[in-house]
Amino acid sequence: MSSLITRTKKEQEKGNGYGFTEFLKFWLDTVKPPIAETTYESYLCKVNSIINYFDAYFPGIALKDVKVADLQRFYNDQYKAGISPNTIKHYHANIHRALAYAVRMDMVLTNESEKTERPKLEKYEANFYNEKELKRLFQVFQDDRMELVALIAAYYGLRRSEIIGLRWDAVNFEKKTITIREKAYHSHEDGKTCRQIQESAEDRIQVQDTAPDSVHC
């Protein structure tokens, strides 16, 4: 019993040095080096929303003082504000990772997020453009500098990052193929937006004969 009390005191002393939102920033800096830049950007977006909420409703709350009721109130308020259950799930995932790290570092005894309840996830149903909608899309982009981007996305289902990452050496005019090997995305460093290139697993697509001349090799 005495050893448990001693351990508890030491952990509380470590946790005393951090406010909750300050700790979240520290955790982000800690996990940044080993993860992909796109993953970090996703974490950053969600954590900033969490920080803004706690700074507004729990200003100055210490890491050691964050309890399950505080986290539950955050989830509940987000749901009432119209935030989707899927986004709340991502908020929870980041809080859970951060607090799990705090437990490993002996800064807190327990991961309070494990005791919370989250909204039931909605069943995802993908929506696709029909032929009429695609024709309308092509009309809107006709003669626009983004026309080719819209056509490639529509005919080949490429993601935005994959289209932006395309280079001329990815196009094989003889075999009529396009090889996806890089993704382009934006990151934020020192208040500036930077364009980054990330290598991806190669994926080769065949150019369709039914596609417009503008997307033919």
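Modeller: From the N terminus on, the elements of the protein chain run α-α-α-α-α-α-α-α-β-β-β. That gives eight helices and three strands. The model is predicted. Of the 217 residues in the protein chain, 34% are buried. Take contacts between residues at least 6 apart in sequence: 55% of them join residues at least 24 apart.

Now to H5 itself. Helix H5 covers residues 85-104, 20 residues in total. At 1.5 Å a residue, H5 should span 28 Å, and its end C-alpha atoms are 28 Å apart, so the two values agree. After H5 comes Asp-106, with a positive phi near 60°.

Next, the buried side. Buried residues of H5 are Pro-85, Ile-88, Tyr-91, His-92, Asn-94, Ile-95, Ala-98, Leu-99, Tyr-101 and Ala-102. Their cover includes helix H2 (20-31), helix H3 (37-57) and helix H4 (68-80).

The axes of H4 and H5 lie 10 Å apart, and the two helices pack at an angle of about 160°. Angles over 145 degrees count as roughly antiparallel, so H4 is roughly antiparallel to H5. The crossing of H4 past H5 is right-handed. From H4, the contact uses Leu-71, Phe-74, Tyr-75, Gln-78 and Tyr-79. From H5, it uses Pro-85, Ile-88, Tyr-91, His-92, Ile-95 and Leu-99. By class, the residues of this contact are nine nonpolar, two polar and no charged.

Methods:
Residues numbered from 1 in each chain as written. Predicted model: local features only at pLDDT ≥ 70, side-chain atom pairs only at ≥ 80, totals over all residues. Heavy atoms only, no water. Helix = DSSP H or I, 4+ residues; strand = E, 2+ residues; numbered from the N terminus. Expected span 1.5 Å × (residues − 1). Buried < 20%, exposed > 50% of the residue type's maximum accessible area, 1.4 Å probe, protein only. Contact = heavy atoms within 4.5 Å. Axes fitted to C-alpha atoms, helices over the stretch in contact; angles between N-to-C directions. Parallel < 35°, antiparallel > 145°, perpendicular 65-115°, else oblique. Left-handed = near helix turned anticlockwise from the far one by under 90°. Nonpolar A, V, L, I, M, F, W, Y, C, P; charged D, E, K, R; others polar.
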